[in-house]
Amino acid sequence: MTTEVEPVPFAPHLRVRSRIAHSLMRFAPLIRWAEPELRGLGALVRPGDEVLDIGASHGMYTVPLAHLVGPAGKVFSFEPHPRQQRSLRRLKRLLGFRQLSITPAAIGTSEGEFTMRMPIKYGFPIYGHAHITSGAADYPDTVKTRTWRTAMTSIDGWAARSHPGRIRFIKIDVEGFEPSVIEGGSELIARDLPSLLVEIEDRHLARYGRTANGFADEIRTTWPAYGMYVWKDETWVAADRVDFGIRNYLFATDAAFAR
């Protein structure tokens, strides 16, 4: 498994591209083209921070995170799908993000190679539903799928090899595999208490035999310093339970907001 770190000159015109891309990403949620939580990242991520984007996809979070941490920070993006890896590489070159490294791998509890599965509907691949097959319920025979093999590591395993600085923020969107990501990063989370922005949906967690509120309660019980929040009316609002219709939940400490 390799982590790609390409030297890219950070010229003034690239800084302008970064600002424009970040502005577009902040505007996109207003017209429902992107997740609304993008507009709340600035409350938690500062210049010079080191952050993780797990399940980076085409870079919806990678771009604003890279802009927010700036050239002095680092964004470590993890993505197991080859097509989306190519998208991330193109973005890195276009925007000149020296602070971005891309690891072509899934994140879980184990090291090795695993199978990914993606449904095909009406002949089109549904990239947003691609997931690790290990431990997952099977699709009905009527559902067409595409599979491929991917490397997998854990947050703690990666951190032991890469020796990053303090991790301030982690975004996780892996279609129901989120509990395994958290489990495999428990040492780093306990050490750094990074803010966690996690997709928590019963429909995805159910394929691994988990429930949304059960998973959220586990995070808060394991690390009592975390409060749970949702993005509402342009601010982070405390939440007690996972509700249908809200996909992403922030777990953050008072200290994270006070920085």
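Visitor: Trp231 and Trp236, are they buried or exposed?
Guide: Trp231 and Trp236 are both buried (under 20% relative accessible area; exposed is over 50%, partly exposed in between; 1.4 Å probe, protein chains only). The model is predicted: local features need pLDDT of at least 70, side-chain atom pairs count only at pLDDT 80 or more, and totals for chains, interfaces and linings use all residues. Numbering starts from 1 along each chain as its sequence is written, and side-chain values use heavy atoms, leaving out hydrogens and water.

Visitor: What does pLDDT look like over the protein chain?
Guide: The average is 90, and 87% of the residues score at least 70; pLDDT is the predictor's confidence in each residue, from 0 to 100.

Visitor: Where does pLDDT stay under 50?
Guide: Over residues 2–10, a stretch with 27 contacts in the model beyond four places in sequence (contact: heavy atoms within 4.5 Å).

Visitor: OK, back to rings. How many aromatic pairs does a search of the whole structure find?
Guide: Six aromatic pairs turn up. Rings of Phe, Tyr and Trp (its six-membered ring) pair if their centres lie within 6.5 Å; planes under 30 degrees apart are stacked, over 60 edge-to-face, the rest tilted. One of the pairs is Phe177 with Tyr208, which is tilted, at 5.4 Å centre to centre and 55° between the planes.

Visitor: Which parts does that pair tie together?
Guide: Phe177 is in the loop between strand 9 (167–172) and helix 5 (178–183), and Tyr208 is in the loop between helix 7 (202–205) and helix 8 (212–222), so the pair links parts 31 residues apart in sequence. Helices (H or I, at least four residues) and strands (E, at least two) are DSSP runs, numbered from the N terminus. Phe177 is buried at a relative accessible area of 8%, and Tyr208 also counts as buried, at 15%.

Visitor: And what kind of aromatic pair do Trp231 and Trp236 form?
Guide: Trp231 and Trp236 pair edge-to-face, 5.1 Å centre to centre with 65° between the planes. There's also an aromatic cluster, made of Phe76, Phe78 and Trp158.

Visitor: Switching to the fold. How many helices and strands does the protein chain have?
Guide: Nine helices and 13 strands. Of the chain's 259 residues, 53% are buried. Among contacts with a separation of 6 or more, 72% are between residues 24 or more positions apart.

Visitor: In what order do the eight strands of the open sheet come?
Guide: The order is 3-2-1-9-10-13-11-12, with mixed pairing; two strands pair if DSSP finds at least two bridges between them. Strand 3 (100–103) and strand 12 (235–238) are the edge strands, each pairing on one side only. On average, neighbouring strands in this sheet are turned by 20° against each other, direction ignored.

Visitor: How many bridges join strand 1 to strand 2?
Guide: Five, between residues 50–54 and residues 74–78, and the two strands run parallel. Ile54 faces Phe78 of strand 2 there, and Phe78 is part of the aromatic cluster with Phe76 and Trp158.

Visitor: How many residues of helix 2 are buried?
Guide: Seven of its eight, so helix 2 is mostly covered; among them are Val63, Leu65 and Leu68. In helix 4, the buried residues include Ile155 and Trp158. Gly70 follows helix 2 with a positive phi near 70°, and His163 follows helix 4 with a positive phi near 50°.

Visitor: Now Glu199: what joins its side chain to that of Arg247?
Guide: A polar contact of 2.6 Å (N or O atoms within 3.5 Å; within protein, one must be able to donate a hydrogen and the other to accept it, and residues adjacent in sequence count only if both atoms are side-chain atoms). Glu199 lies in strand 10 (residues 195–199) and is buried, at 1% relative accessible area. Not counting residues up to four places away in sequence, its contacts include Glu175, His204 and Asn248.

Visitor: Where is His129?
Guide: In the loop between strand 6 (124–125) and strand 7 (131–132). Its C-alpha atom is 6.2 Å from that of Glu175, 46 residues away along the chain. Beyond its neighbours within four places in sequence, His129 contacts Glu175 and His204, among others.

Key: Axes are lines fitted to C-alpha atoms, for helices over the stretch in contact, and angles run from 0 to 180 degrees between N-to-C directions.
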